[in-house]
Amino acid sequence: MPTDPRQLLHILEDLQHFIGDWTRTLGSVVGDAGGAVEMVRNVANDLSAATRAQQDAANDMVQRAAQMRSQAAQALQTAQAALVRAQQAVAQAQQSLQRAQQMQQEWEAKRSSAQNELDAASTELRAAMQTAQAAARDLASAREKMHAPQAALSGARGSLASANAALAAAAAAPGYTDQNGQYHPPNTGPQRAAVGYAQAAVARAQAEVAAAQAVIDVAQGRMDMAQQWVGLTQARVESAQARVKMCEGKIAQAASLIAQAQSLLNAALTARDTAEQAVARANAAMSAAAVATQQAAEAKARADAAAIAAAHVSNAAQALASASHAFQGLSGSQGEAAARALGEVAKILEQLLRFDSSTSL
Amino acid sequence: MQFAGTIYEAAARIEEATAVYRFKARQIASEYDDVTGRWGDSRARQFDQLHLQSQREAMDEGERLCRQLSELCDAAKRSAGEAEQQLSACFALQSEFEASTTDVNEFLDNSHKLSTRVNTDTASLPAEIRAVDGAVAQTAQDIGWKPKPTYEGPAKKFL
């Protein structure tokens, strides 16, 4: 050990310097470490709060996802019910359309049948009318032929009347009484002969008239039969015409009903398409809700993992705080020990210095 | 999110502080050795036992605490990084979830509107179809018709 006081003081100064530096260093290190540990603790608290908030958010997501699944299932059920309703409407409208079309076909068949009857009756009516016309011509001809016999009969009757008048006149003439006193009526022999001749002429004329009348009667009979034919056939035509007209009316009504049924079918088909779209959207919502459910579950797992990691950070921060506290205590004791050591060294040096000065005296 | 970054910063500060501690501890230990090496009598040994030995042990304890701080910092960094990574993934999933929610709501809204339209459009159809069916049945009714009898008399012979 040196005994030179200046060297001893120099050693003491150096030691004081180092111990002072050491003490300051300990304070600085404790302060820095403590501040850093405080930062870690703050971060741990913030991280814990953030993870808790995220766990709450993830739980909320899980609940919302379940709600969305429920809503999507309900929407799918509603859309499927609407689809069933639309499909039923389509089936009913199709049946209605088919019935209307079948009814129209039936009336078209009936109209065709009535039209055939009308055509046949019309053809026959033309024949009947031709026959009636011919009969009319025959009747007119027969009536024409009646004029001459009638005129002859009239002439014969006139002659007969004249003959009868002549006869009457002759018969009214005074007779004469002959020489014998026998009365003799007037001679009417020629008048009687004229009357007989006129009567014979009348009889002939009547026979001719009767013959002509027979021709007329035959023609009239044919005329009546032809008219009966015409009448019956005319009735056939009118009946068939009425039937055709009624069928056409029914066909027109059927066409209108077909148009209505077609319109209803179109509306039902459109509704069915729309319902299918609704079902597709609901299925898409189900899929999206399933994806959201998966995302929420994964988010919850992530948030829970983050919370576990945050708890580890908190544990580490707490352990750091404990270690920092221990370090702080250790540093304090080190500083105090250094100070004591420095005092002891100073005491030793003081003894050395006193010993040296006494020996030097 | 700067959790891990802040912990890295704090860890760097702790590393720096412990490095300073180690350096200064070695320096003061050397200085103590230098002081005790200046004399070799019993007082030196007594001084060493009474004052310096305990300080060396305290330095060892300090070194252990420094290592513990470093290890805890590493653990905190790892956990903070893990937590931050999970939170980032969770945020991304939350964003995707909101997009899915938007999709679901849009699909639900569309489906609801379409179903409502279908129900409205089909509400009157059954009654209208029944009305058409009734009219069809009525129109299909036929009182019947027979053609009038054909003339079969002798007039046809006159043709």
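A compact globule of 361 residues would have a radius of gyration near 21 Å, yet chain A reaches 75 Å. Note that this is a predicted model.

The table sets out the two chains.

| Chain | Elements | Span of the C-alpha trace along the principal axes | Buried residues |
|---|---|---|---|
| Chain A | 2 helices, 2 strands | about 270 × 30 × 25 Å | 35% of 361 residues |
| Chain B | 3 helices, 0 strands | about 180 × 30 × 20 Å | 33% of 159 residues |

**Order of elements.** Read from the N terminus, chain A runs α-β-β-α. Chain B runs α-α-α.

**Contacts within each chain.** Take the contacts between residues at least 6 apart in sequence. In chain A, 93% of these join residues at least 24 apart. In chain B, the share is 83%.

**The cores.** The largest nonpolar core has 125 residues. Which residues have the most contacts inside it? They are V40(A), A72(A), A285(A), V313(A) and A76(B). Both chains take part: α1 and α2 of chain A give two or more residues each, as do α1 (3–36), α2 (42–123) and α3 of chain B. The largest share, 46 residues, comes from α2(A).

Leaving out residues up to four places away in sequence, A76(B) touches V40(A), V313(A), A316(A), A317(A) and L320(A) in chain A, and I7(B) in chain B.

**Helix α3 of chain B.** This helix covers residues 125–140. Its 16 residues, at 1.5 Å a residue, should span 22 Å. The end C-alpha atoms are 22 Å apart, which agrees.

Which residues of α3(B) are buried? They are L125(B), I129(B), V132(B), V136(B) and T139(B). These residues cover an arc of only 85° around the axis, so they sit on the same side of α3(B). On the other side of α3(B), A127(B), R130(B), G134(B), A137(B) and Q138(B) are exposed.

**A look at E96(B).** E96(B) belongs to helix α2 of chain B. Why does E96(B) count as partly exposed? A residue is buried with 20 or more other C-beta atoms within 10 Å of its own, and exposed with 12 or fewer. E96(B) has 17 C-beta neighbours inside 10 Å, so it counts as partly exposed.

E96(B) and E128(B) are 32 residues apart along the chain. Their C-alpha atoms are separated by 48 Å.

Note on methods. Residues are numbered from 1 along each chain as its sequence is written. Chains are lettered from A and ligands numbered from 1 in the order in which they are written. This is a predicted model: local features need pLDDT of at least 70, side-chain atom pairs count only at pLDDT 80 or more; totals for chains, interfaces and linings use all residues. Helices (H or I, at least four residues) and strands (E, at least two) are DSSP runs, numbered from the N terminus. Two residues are in contact if their C-beta atoms, placed from the backbone, lie within 7 Å. The expected span of a helix is 1.5 Å times one less than its number of residues. The arc is that of the directions from the helix axis to the C-beta atoms. A nonpolar core is a set of buried Ala, Val, Leu, Ile, Met, Phe, Trp, Tyr and Cys residues joined through C-beta atoms within 7 Å. The radius of gyration is taken over C-alpha atoms; the globule rule is 2.2 Å times the number of residues to the power 0.38.
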